[in-house]
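Please keep the sequence and the structure open while going through the numbered points.

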Amino acid sequence: MDEVKHLVVVGNGMAGMACVDEILKRRPPFKITVLSEEPYYNYNRILLSSVLAGEKSVEDIYINTKEWYEKNNIDLFLDCKAVDVDAKEKVVAAADGRTFHYDLLLFATGSNPFIPPIEGVSKEGVYTFRNMADACHILERCKETKKAVVIGGGLLGLEAARGILSQKVPSVAVVHLMDRLMDVQLDEVGGQFLKREIEKLGIQVLLNKNTAKLLGNGRVEGVMFKDGSIIEADMVVIACGIRPNVELAKKAGLKVTRGIEVNDRMETSDPAIFAIGECVEHRGKVYGLVAPLFEQGKVLAATITGEKGSVYEGSTLATKLKVMGIELFSAGDFKGEGPEMETIAYQDHAFGVYKKVVVHQDRVAGTILIGDASDANRFLEMIRKGERIGEKRQRLLFDVPPAVPGSPTDVMSRPDEDTICGCIGVTKGQIVAAIRQNGFKSVSEVKACTKASSGCGTCAGLVQEILKAVAGTEFQEEKKNVLCACVPFPKERIRTMIQTQRLKTVQDVLDIYGDGMGCSFCKPALSFIVDEVWLGEHQEDRSARFINDRVHANIQNDGTFSVVPRMRGGVTTPEELRKIADVAEKYKVRMVKVTGSQRLDLLGVKKEDLPNIWADLGMTSGYAYAKAVRMVKSCVGTDFCRYGTQDSISTGIDLERLLEGLYTPAKVKMGVVGCPRNCAEALVKDIGLVGIEGGWQVVIGGAAGKRVRQADILTTVKTREEALEAAQIFFQYYRENGEYIERTYDFVERLGLEKIRRETVLAPEEARKGLLERLEKARKKVVNPWAVESKKPFHPMQFKDLVLPREAEALVV
């Protein structure tokens, strides 16, 4: 039996854990210990900007969860910083005094942020952007920031700026030393394209700016440049690149230049120590991108387990990403400045598309793609293989023929060694083998096994094509949760695009991401999303609403409308009843009906009479026509009922006052009952408060329409104030996370009760407070549309029927 060796890995990042994953596949006789300086499991650093933007939580970007470490018998020590190495005794010392003996040692220490020699970088409000702690600190600071400046116009700097902008900081500027953004990845024209697109998002870009000093008395107040100019700032983020983290390697006595020197087998100058990732230097090069790190990991895994077959010969540098929603790809020698270099280029400023291919001796040497990176993998493989373009030259940028089986563009015709996922370094052959060996039928299964498409996600289409070809008729299509064919994106992605690009009208969204027109489904949906994102601070497009929302009444089968005044908690007064009776007689209302929601409905109202009826009633709109809060139904509770245990009437009235007038993904009906007898049917409402002895139950997701569903208990609390707060927290969470026209009962089943609890009533105080604050901001923008538009219609034709001239009537179908 082979002797068990102890492998200690210093570093718990993407490179180190990808290497460990490769090692585990070879089933070596290793005991593995991982020392993590951070208090988190291995997470996807590519998605740090999504955490900063508020699009994802820490848990959302975990690559390896606690279960992965336990399943593979890995001893993980979180918050355990290695501070010294005795290579002679083979011992690693941690900051907390613990020591770890090793047989083999793997350095995966990554890199540190580079901080230029700028005076004042220690002031309060100055941050770097490199890890999860940085993202969390910046997020917290954004709450009080008015003017943010990001120093550094590379990838990290632009992603930091995007995240800060998403946090609704009023002013965000990017400062860069060079003459163009992302100067390492782009040429001059590409830099100009990117600058123009980023400025469209509302971010100020300052180029050729050398920062001299950060101003302020203890707390940053501005940035001074060497040319004497100044820009105000109450937060500064420094994102000026990275430097290999080699301090521990030096203490171990390893050979270090810029990085830890390694050979083609990823071996260091000490035969018992290996290194991988951003901390290493190979053939004089240091790599800061993800794909090379995974390529290194496969070679190192073979080396450390004794399979010295493959070697690492360096990587073709390629960058494929989305900067603030803008697709960007560059690879190889894209500058094209050498002898015999030829350039083929296309520019379209209107659509923000720039494509450039550099050709050398009939081979693709490099490329830049901005705005449309769909051909990124095709060009990357051409660069790697050095294949001649020949007759393809005339259609190199465009006119790629449709894929047919056996054609060069059919993904299954590619060699097995072709890389499909550039981020993780997964080949076509690995994906095919995983599908065949495991019988996978869905993309999510392939992703979980191979990690393909778990980086930036842009290769998901290719992964699906491979799966379709291999699985055949057993392929299972993943549900495409897009809003509409007019705007083919999921709600969450649309929400992000609206947020980051400051889109404040429905038409803006349709023009940029849709077909420019929209339809009767997606336009009202977009109206809700824009309103929900900007909390009422948007430009209302009434034409994008349903007829009911445009006239604040419910259209009936004969073209007349119904008017339902709000009666909070089902309680009214003699005065209100007299007004309703007078209005019904004055305007010859065909019917007054008591609704199942404890309100009165005036049916058969003419469209032109609506504003006058509202004015005569002098009551608030009941929103019986909208995807919004409809009502709160209540029982008499302790006021009159001998079984009542809680005051349901005043609680119901207060709940309705707190939430009335707010739009939601679908209609919301609520109920409050003073005891479990459930007289007001709170257990089949979207949100219900149920009085019990000594407290309240807050229930969610009930239904009593075409489908009957008893509500789930969200939480049990002691006071009415706690019950009202819990209801508000869930309400705002549903507003932000529900799909359009998704009722709460479907929403609860889709997300799961435990997840909803974790992210609402059991969430950290900061998260709960954030939901309540956003709800309050939206509530302050609510007005009674009946009071406003009875005096001043939104549009002159709002309450008039459209009359066509006789010659036009024939054109109407």
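1. A fitting place to begin is Glu721, which counts as exposed because its relative accessibility is 51%, where exposed means over 50% relative accessible area, buried under 20%, and partly exposed in between (1.4 Å probe, protein chains only). Glu721 forms a salt bridge with Arg720, with 3.8 Å between the closest N and O atoms; the term stands for a side-chain nitrogen of Lys or Arg within 4 Å of a carboxyl oxygen of Asp or Glu. Arg720, at 23% relative accessibility, is partly exposed. Elsewhere, salt bridges with shared partners join Arg707, Arg709, Asp712, Asp746 and Glu749 into one network.

2. Please bear in mind that this is a predicted model, in which local features need pLDDT of at least 70 and side-chain atom pairs count only at pLDDT 80 or more, while totals for chains, interfaces and linings use all residues. Residues are numbered from 1 along each chain as its sequence is written, and side-chain values use heavy atoms, with hydrogens and water left out.

3. By the rule given above, the count comes to 51 salt bridges. One of them joins the side chains of Arg566 and Glu656, at 2.7 Å from N to O. Arg566 lies in the loop between strand E29 (561-563) and helix H17 (574-586), and Glu656 in helix H20 (residues 648-659), so the pair ties together parts that are 90 residues apart in sequence. Arg566 is buried, with a relative accessible area of 3%, and Glu656 is buried as well, with a value of 0%. (Helices, H or I with at least four residues, and strands, E with at least two, are DSSP runs numbered from the N terminus.)

4. Turning to the strands, an open sheet of five has the order E3-E2-E1-E7-E19, with parallel pairing, where two strands pair if DSSP finds at least two bridges between them. Its edge strands, each pairing on one side only, are E3 (75-77) and E19 (273-275). Within this sheet, E1 (residues 5-10) and E2 (residues 30-35) pair in the parallel sense over six bridges, and Val10 stands opposite Leu35 in E2.

5. Finally, the chain is divided into six parts, among them domain 2 (126-240) and domain 6 (629-782), with bounds that come from an automatic or database domain assignment. The centres of domain 2 and domain 6, taken over C-alpha atoms, are separated by 42 Å.
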